Amino acid sequence: MGGETDLFGNPVAPLPKREESRPLINDMDLIEKVLRSASRIGFVLVGIREDVYKRLSNDEVEKVPDHIDTAVHQLIETRWLEIGGTHHVRYGRYQGSARSVLVPRRSKQAAYRWEALANPWNKNEVEERGRVA
């Protein structure tokens with residue numbers, strides 16, 4: 001099993017895992033946003049700390065803010081998201097392997113239901129009702 005190397009090919013000691021626990025997220029809007037983003041954009045976990053990055057293109061990724069990172073890990077721990085296979089990605093001038101974050105069918109279906117409950121009317125219908133009233 002090969003470890004990470006620096007620019008000159010010398011082995012680099014891996015970073016220690018996070019010692020502090022992540023805070024729990026109780027913001028349903030954020031959870032819904034993360035599930036939608038995971039379905040549409042896609043997330044990957046990079047490095048031993050499993051930092052969350054979002055996909056920009058097929059192999060290019062970008063670091064997400066800490067609150068989204070925390071929400072993704074909470075959804076993985078509660079099995080609303082799953083960890084998939086390993087892929088080669090680029091982030092900035094660095095490149096390496098990352099593990100994909102998968103959205104199970106039941107999570108997608110729940111997110112669609114929540115979105116429908118949050119927006120019970122079509123936007124066009126709401127605009128038309130506003131004009132008539």
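Modeller: Glu50 sits in the loop that joins β1 (43-46) to β2 (51-55). Helices (H or I, at least four residues) and strands (E, at least two) are DSSP runs, numbered from the N terminus. The model is predicted, so local features need pLDDT of at least 70 and side-chain atom pairs count only at pLDDT 80 or more, while totals for chains, interfaces and linings use all residues. Residues are numbered from 1 along each chain as its sequence is written, and side-chain values use heavy atoms, with hydrogens and water left out.

The backbone of Glu50 deserves a look. Its phi is near 55°, which is a positive value in a residue other than glycine. Most residues other than glycine have a negative phi. Glu50 is partly exposed because its relative accessibility is 24% (buried means under 20% relative accessible area, exposed over 50%, partly exposed in between, with a 1.4 Å probe and protein chains only). Arg79 also has a positive phi, about 65°, although it is not a glycine. Arg79 belongs to the loop between α2 (66-77) and β4 (82-91), and it counts as exposed because its relative accessible area is 62%.

Now to the residues around Glu50. Leu45 lies in strand β1. With a relative accessible area of 3%, Leu45 is buried. Neighbours within four places in sequence aside, Leu45 is in contact (heavy atoms within 4.5 Å) with Glu50, Asp51, Val52, His73, Ile76, Ile83, Ala98, Arg99 and Val101. The C-alpha atom of Leu45 is also 6.3 Å from that of Ser100, although 55 residues separate the two along the chain.

His73, one of the contacts of Leu45, is found in helix α2. At 5% relative accessibility, His73 is buried. Beyond its neighbours within four places in sequence, His73 touches Arg22, Leu45, Glu50 and Val52.

Two packed helices are described by the angle between their axes and the distance between the axes. For α1 and α2 the angle is about 80° and the axes are 10 Å apart (axes are lines fitted to C-alpha atoms, for helices over the stretch in contact, and angles run from 0 to 180 degrees between N-to-C directions). That makes α1 roughly perpendicular to α2 (under 35 degrees is roughly parallel, over 145 roughly antiparallel, 65 to 115 roughly perpendicular and the rest oblique). On the α1 side the contact is made by Leu30, Ile31, Lys33, Val34 and Leu35, and on the α2 side by His67, Ile68, Ala71, Val72 and Leu75. Sorted by class, this contact has 8 nonpolar, 1 polar and 1 charged residues (Ala, Val, Leu, Ile, Met, Phe, Trp, Tyr, Cys and Pro count as nonpolar, Asp, Glu, Lys and Arg as charged, and the others, Gly among them, as polar).

Charged pairs come next. The model has 6 salt bridges (a side-chain nitrogen of Lys or Arg within 4 Å of a carboxyl oxygen of Asp or Glu). In one of them, Glu115 meets Arg40 at 3.8 Å, N to O. Glu115 is in helix α3 (residues 105-118) and Arg40 in helix α1 (residues 28-40), so that the pair links distant parts of the chain, 75 residues apart. Arg40 is exposed, with a relative accessible area of 59%, whereas Glu115 is partly exposed at 26%.

Glu62 and Lys54 form another salt bridge, with their closest N and O atoms 3.5 Å apart. Glu62 is partly exposed at 37% relative accessibility, and Lys54 is partly exposed at 28%. In the salt bridge of Arg90 with Asp59, the closest N and O atoms are 3.2 Å apart. Arg90 lies in strand β4 and Asp59 in the loop between β2 and β3 (61-63), so this pair ties together parts that are 31 residues apart in sequence. Asp59, Glu60 and Arg90 are linked in a network of salt bridges.

Last, the setting. The protein has 4 helices and 5 strands, which run α-β-β-β-α-β-β-α-α from the N terminus on. Of its 133 residues, 29% are buried.
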